[in-house]
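This report describes selected parts of the structure shown below, going from a helix to a strand and then to a domain assignment.

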Amino acid sequence: MTKKTEFSRRGLLAVAAGAMAMSMTAVPAQADGSVTVASWGGSYQNAQSLALFQPASKAMGITVKEETYGGMSDVRLKVKAGAVSWDIVSSGSGSAARAAAEGLLEKLDYNVIDVSTFYPTLKTDYCVGSDVFSTVMAFNTATYGNSGPKSWADFWDVKKFPGKRAYRNKVAGALEPALMADGVAPADVYKVLDSEEGIKRALDKIRELKPEIAVWWKSGAQHAQLMKDGEVDMTTGWNGRFDVAKKDGAKVAYTFNQGLLDYDCFAIPKGAPNKDLAMKFLAEVSKPEIQANLPKHITYGPTNKKAYEIGMIDDKTARMMPSHPDNAAVQLPVSLAWYAKWEQKAAAMYQDMLTE
Amino acid sequence: MSIGSEARANETVLLKQSRREEWALLGLASPAILTVLIVMVLPVGWLFYLSFLADDGSFSLEHYNRMLESKAYGRIFMTTFEVSFLTTGLCILIGYPLAYFLSQLSPRMAALCMLTVLLPFWTSLLVRTYAWLVLLQRKGLINSWAIDLGLWDEPLKLVHNLNGTLIGMVHIMLPFLVLPLYGSMKAISADYLKASSNLGAGPSQTFWNIFFPLSLPGLFAGALIVFVLCLGFFVTPAVLGGGKVIMVSMQITSNIELFFNWGAASALGVVLLVITLAILLAASRLLKLDNVLGGGH
């Protein structure tokens, strides 16, 4: 019964939103209201706020409240308790997929959100891509000059590149580099990983490097700080964090070669208090002219291809983005299907390896 | 006869009065008891219940089986107890002389010195933990000064391992040991010590035979607080352990993130609680800690 009314209301809204979208460019919508967005904090949320949330809230004439959160487990708690206070959450693509499978998210209405010019793989029914990032290898330019590691084989080569490493303390994005270092072609990585033996092979390769791994990092802020402090000479991590650290004076560089291409997305938790307005807000932040702001604040690329075409991102900046065609070509896109199938099993095996 | 019956009558009145007093006291204590019931017993009971539920809500031992199947969990429990024991031991080694020193000072000096214990105690845990990170890391203050002074050539591995974790945790836990210990030392009457000297005991004999045994209840109470707090510690090992010191509390958070499931995390909490109670029970038997745990005779 409720579903039905909701549905018709949504249908109505789509029409209304369509009508409004036409008028929106001219006059900021009269819709006075507010949405609450939860994201990851740090330089990442700061960039989101400046590039996406604030311009979108201005354009729509609504208030945006920002909070930080600890991921989909928080959403689960709120949904199960029937006390959802966030309208939109910013999430990694993998955990969003799992949360959607668990029924924690509202289905997005792509009649409201225009994704016609998106990269086709950067959205699901429940989560619309917000930015593209890459898990890369970064190195200290004071230690290695500009001739740092170019491939995961180099990252593992402690003779050619002596120095301390940092590596992720979770399985996500940790096994693929190990296999590539072990000689598996990027295109075959997920094929090899599709069995326990394959996972074991990757873990054995990490065991090999373990004596050189000084820190197992757990957050983007941490791996950026490790490079800033010179605590390690080489680390895996998320590219945007390193660029921000570099701006702050850190001696750090990275390569996109063999990086893991992944994306973040926005989702609406089930039972969000301002669901309809949230949908319209997502429509706004997905527009190319809003998305084109993001690269000014952090080197995470837009998910809307058109953002590159409207002349707001200069060529030099565009070439720094993980989703720039030249960069995307040398990277391995992360397989959500593999994570859905294997993550829990692989995580347990990873934990075994970590505690040895 | 009449005296006897009067006494009996008195006794009944007295008994009634003391009963009434007990009830009145119970009434006064009921807010506290209710609070404990609501904020302690209920959640722990709920946690216990959740740990036996599978994803679909049916009864299951999967969360406990997982702990048996994977070697990691055993190692994580070992690490947790190892870190807690070591921290408690180091706190005793450092804290006992400190508390003794404080107890021997004049009240004014003692208050001043106590500030050095309390000031860090009032500072945010996070601030102190990150301060240690700044001091101890590879290019941190301690390593760079020591290398400049020629004390050592290569940076020592002071942090992102067990060393750093222990340094940080001992620093944070020290006041929890020193405060109860200092209290119990101050309560030791100087007359006992004088009497001991009077009977011909030397200073070290007086200390070991009189002062030390009398200070033990305070020491045990402090050590117990430190040990139990260590078991559930999260921030310091997470920041200073470099991902190599994995304690149960950290595994609990990663289980929540990984399995999206309270049961997986609460099973860990239940096991930790049970093991801790077992250890405390054994310790209280072995060390006759009854008076510390509240069951005094």
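Helix 12 of chain B, in this predicted model, covers residues 262-287 and has 26 residues. From its first C-alpha to its last, helix 12 of chain B reaches 37 Å, close to the 38 Å expected at 1.5 Å a residue. Several residues of this helix are buried: B:Trp262, B:Gly263, B:Ala264, B:Ala265, B:Ser266, B:Ala267, B:Leu268, B:Gly269 and B:Leu272.

In chain A, strand 3 spans residues 88-92 and is mostly covered, with five of its five residues buried. A:Ile88, A:Ser90 and A:Gly92 point one way from the strand, while A:Val89 and A:Ser91 point the other way. Residues on both of these sides are buried.

Strand 3 of chain A pairs with strand 1 of chain A and with strand 8 of chain A. The table lists the two pairings.

| Partner of strand 3 of chain A | Residues | Sense | Bridges |
|---|---|---|---|
| Strand 1 of chain A | residues 34-39 | parallel | two bridges |
| Strand 8 of chain A | residues 252-267 | antiparallel | four bridges |

Turning back to chain B, its domain assignment gives domain 1 (1-50) and domain 2 (71-293). Taken over C-alpha atoms, the centres of domain 1 of chain B and domain 2 of chain B are separated by 37 Å.

Definitions and conventions
Residues numbered from 1 in each chain as written. Chains lettered and ligands numbered in written order. Predicted model: local features only at pLDDT ≥ 70, side-chain atom pairs only at ≥ 80, totals over all residues. Expected span 1.5 Å × (residues − 1). Buried ≥ 20, exposed ≤ 12 C-beta atoms within 10 Å, placed from the backbone. Pairing = 2+ DSSP bridges. Domains from an automatic or database assignment.
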